[in-house]
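Reader: I have a model open and some questions about how it is put together. Can we go through it?
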Amino acid sequence: MTSLPERPAGAKKLGLVIDLDTCVGCQACAVNCKEWNASGHSAPLPDFKPYSAGAEGVWFNRVHSYEAGEGEKGRTVHFPRSCLHCETPACVTVCPTGASYKRAEDGIVLVNAETCIGCGLCAWACPYGAREMDEDAGVMKKCTLCIDRIYNETIPEAQRQPACVITCPTRARHFGDLGDPDSAVSQLVARRGGQDLMPELGYGPVNKYLPPRERSSALTEAKPVEDAPTPMDISNPLLRWMDRVLSR
Amino acid sequence: MKPAPSIVFFTTASGAGYGLLFWLGLLRAFGWGAEAPPAFGAAGALLALALITAGLLSSLAHLGNPQRAWRAFSQWRSSWLSREGVAAVLTYPPALLLLLALWFEWPVAAAVAGLLSAAGAAATVYCTAMIYASLETVRQWRHPLVVPGYFAMAAFSGAALLAALAAAWGLRGSVLAPAALAVLGGAAAMGLKHAYWRAVDAGLPGPTRESATSLGAIGRVRPLDPPHTQQNYLLREMGFRVARKHAARLRGVALAAGFAAPAALALMALAGAPAAPLLAPGALLALLGVLVERWLMFAEATHTVTLYYH
């Protein structure tokens with residue numbers, strides 16, 4: 001059913017928190033996502049012409065890099081983009097077959113590959129570009145929040161996290177329940193002022209983005225050390241004498 | 001947005017078919033065409049059904065798994081695409097009954113089936129329009145003139161077809177009403193599209209790269225490195241940019257050749273010129289105009305995902 005499930009306030013909202021301050025744009029999340037999901041719940045993630053010009057394929061995670069701001073305030077920001085598991089996702093309600101759905105129990109948005117007709121309307125309805133068509137199978141694919149890892153009792157408990165989170169070398173990605181105000185991720189969002197993407201569209205994205213931290217003033221205001229020492233700065237008497245002679 | 005040929009053909013052909021069915025059913029219910037031979041009315045209903053069916057079949061070509069298309073009738077509670085499918089299927093029984101009633105000359109059945117067909121045709125075109133008009137992600141489709149535009153295109157091309165058909169049968173009296181409707185429809189199409197294109201060119205409000213990345217607090221955001229060096233589905237489907245180069249010329253073609261010329265030809269027929277040689281090319285030009293307009297409707301639309309890329 002593509003009508004959205006009734007979800008009481010405080011219901012579980014599993015999602016990601018992505019730290020734009022510490023992301024270094026290394027693409028490890030995108031690669032590990034591809035690796036895991038190529039044989040996971042939504043497998044396969046096909047590649048087209050993988051070994052020749054025009055290689056492309058289905059990826060659930062895409063890492064952009066931007067420049068933001070001007071002059072001294074300007075900075076480079078690496079920006080991973082994936083499904084935000086919205087609270088009111090239009091990609092679900094536009095689906096004519098019921099293949100696209102939002103889970104009542106944890107809010108994860110999934111596609112049933114058995115009933116998807118591959119019309120592509122959900123990809124049009126998603127403002128974030130989170131859905132990519134598997135043109136081999138003719139069905140839509142998307143981030144599953146690694147549903148086959150996070151509930152997987154055959155792997156050690158510490159690894160029951162999405163592939164993108166567990167692989168991130170700078171810990172720029174965090175996974176947890178954003179419906180619980182006391183969870184570690186909710187606390188992190190509150191502390192760092194986590195942001196929604198395109199909040200004006202009203203889809204209520206669950207994933208949050210932590211803004212780059214303000215640079216400390218010591219870093220922006222620090223000037224190069226004086227390179228013309230006064231005689232008082234030179235403590236060695238011999239060098240002080242040489243400086244005086246050479247400065248004549 | 002990529003103007004997929006199957007979808008452009010679908011909305012043009014089915015739109016014209018539903019327009020033709022709408023006018024045939026509605027006018028017939030009000031006593032128009034009563035003097036016409038049964039073959040004329042039946043041919044009209046048959047042409048409408050053929051256009052509708054060809055369009056619907058073409059839309060199936062757009063699907064990744066067309067054999068599962070029957071599943072699309074299930075989610076009418078939330079999905080305009082599903083509602084379109086349901087409305088299209090529900091319109092078939094009255095349209096087929098109209099075809100039989102016109103052929104076998106059952107006036108009461110023709111009136112009832114005509115009104116039901118007209119209602120079904122209007123409902124289906126409305127659902128089609130709402131598929132696009134309900135997408136927050138494409139600001140050119142959210143515009144309030146999109147739904148009236150779909151109605152105008154269907155009504156205009158349908159009236160032009162009905163007028164051409166009546167002229168081909170040599171029905172002097174029955175030509176007048178659809179020809180007058182084609183003139184009005186052409187004028188409405190021109191007015192609506194002119195206003196719509198002016199609004200689009202003036203710039204429509206929508207998300208920005210700053211709100212898409214949440215980085216607006218730092219300042220203006222510029223793309224530095226793309227996430228991939230080759231194409232992907234998103235860019236092929238939603239980053240289509242070829243058409244903008246030719247947009248101004250194509251708009252001119254749609255307005256002049258597609259809407260103004262058929263309306264002028266219908267006006268000449270109304271003024272007493274020989275109808276058949278004027279209205280047949282008029283109907284073809286109207287279809288061409290709608291085709292070009294529909295192509296532009298896709299090609300000029302920009303999706304929010306492109307904010308991330310360029």
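**Strands and helices**

Author: This is a predicted model. To start in chain A, A:Val17 stands opposite A:Lys208, which is in β11(A).

Reader: How many bridges join β1 of chain A to β11(A), and which way do they run?

Author: Three bridges join them, and the two strands run parallel. Strand β1 covers residues 14-19 of chain A.

Reader: What order do the strands of that sheet come in?

Author: The order is β10-β1-β11 in chain A, an open sheet of three strands with mixed pairing. Its edge strands are β10 (173-177) and β11 (208-210) of chain A, each pairing on one side only. Ignoring direction, neighbouring strands are turned by 25° against each other on average.

Reader: Which helix packs on the sheet?

Author: Helix α6 of chain A, residues 184-192, packs there and touches β1, β10 and β11 of chain A. The direction of α6 makes about 120° with that of β10(A).

Reader: Switching to chain B. How many helices and strands there?

Author: Chain B has twelve helices and one strand. From the N terminus on, the elements run α-α-α-α-α-α-α-α-β-α-α-α-α. The radius of gyration of chain B is 21 Å, close to the 19 Å that the globule rule gives for 310 residues, so chain B is as compact as a globular protein of that length.

Reader: What does the C-alpha trace of chain B span?

Author: About 75 × 45 × 30 Å along its principal axes.

Reader: And what percentage of chain B is buried?

Author: Buried residues make up 51% of the 310 residues in chain B. As for contacts in chain B between residues at least 6 apart in sequence, 79% join residues at least 24 apart.

Methods. Residues numbered from 1 in each chain as written. Chains lettered and ligands numbered in written order. Predicted model: local features only at pLDDT ≥ 70, side-chain atom pairs only at ≥ 80, totals over all residues. Helix = DSSP H or I, 4+ residues; strand = E, 2+ residues; numbered from the N terminus. Rg over C-alpha atoms; globule rule 2.2 N^0.38 Å. Buried ≥ 20, exposed ≤ 12 C-beta atoms within 10 Å, placed from the backbone. Contact = placed C-beta atoms within 7 Å. Pairing = 2+ DSSP bridges. Axes fitted to C-alpha atoms, helices over the stretch in contact; angles between N-to-C directions.
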